[in-house]
Amino acid sequence: MIKRRWGLSGGLLLVLLIMLFVPLSFQPPGNTRMVIDHTLRVYIAPPCFNEADLTNNLIETTWHKAVETGYGPESDCTANKMKPIKRTLWDKVMELTGLIPNPWSW
């Protein structure tokens, strides 16, 4: 009985350590705000909008729909903003509870 408790405690400790220290890759959520320029056939991350050279054929959409269009990123700024990031599960839980900001909440 004592060995079983230590085994369970050790397993829980291992899961906790993984949550705290092992970084995992997370993609931008599908509902992340994006801008599409249909004339140039590109998408733009809002933080990169002011530096972008665009036409007036713009719509606001989501990351999921921007990817579906098959368009490419307007600049390296947008490409870098939409790269997956490394975070621990603990950081992800903190983000989901609103205690730390989501890196794609613009």
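In this predicted model, the structure holds one disulfide. The bond is formed by Cys48 and Cys77, whose sulfur atoms lie 1.9 Å apart, and because the torsion about their S-S bond is about -80 degrees, the disulfide is left-handed. Distant parts of the chain are linked by this pair, since Cys48 sits in the loop between strand S3 (42-44) and strand S4 (58-62), while Cys77 belongs to helix H3 (residues 76-81), 29 residues apart.

Turning to the charged side chains, a search of the whole structure finds three salt bridges. In one of them, the side chains of Glu60 and Arg33 meet at 2.7 Å, N to O, and this pair again links distant parts of the chain, with Glu60 in strand S4 and Arg33 in strand S2 (residues 33-37), 27 residues apart. Glu60 counts as exposed at 54% relative accessibility, and Arg33 as partly exposed at 38%.

Arg87, Lys92 and Glu95 are linked in a network of salt bridges. Glu95 pairs with Arg87, their closest N and O atoms being 2.3 Å apart, and also with Lys92, where the corresponding distance is 3.2 Å. Glu95 and Lys92 both lie in helix H4 (residues 89-96), three residues apart, about one turn of the helix. As for accessibility, Glu95 is buried at 9%, Arg87 is buried at 16%, and Lys92 counts as buried at 17%.

Note on methods
Residues numbered from 1 in each chain as written. Predicted model: local features only at pLDDT ≥ 70, side-chain atom pairs only at ≥ 80, totals over all residues. Heavy atoms only, no water. Disulfide = S-S within 2.5 Å. Helix = DSSP H or I, 4+ residues; strand = E, 2+ residues; numbered from the N terminus. Salt bridge = Lys/Arg side-chain N within 4 Å of Asp/Glu carboxyl O. Buried < 20%, exposed > 50% of the residue type's maximum accessible area, 1.4 Å probe, protein only.
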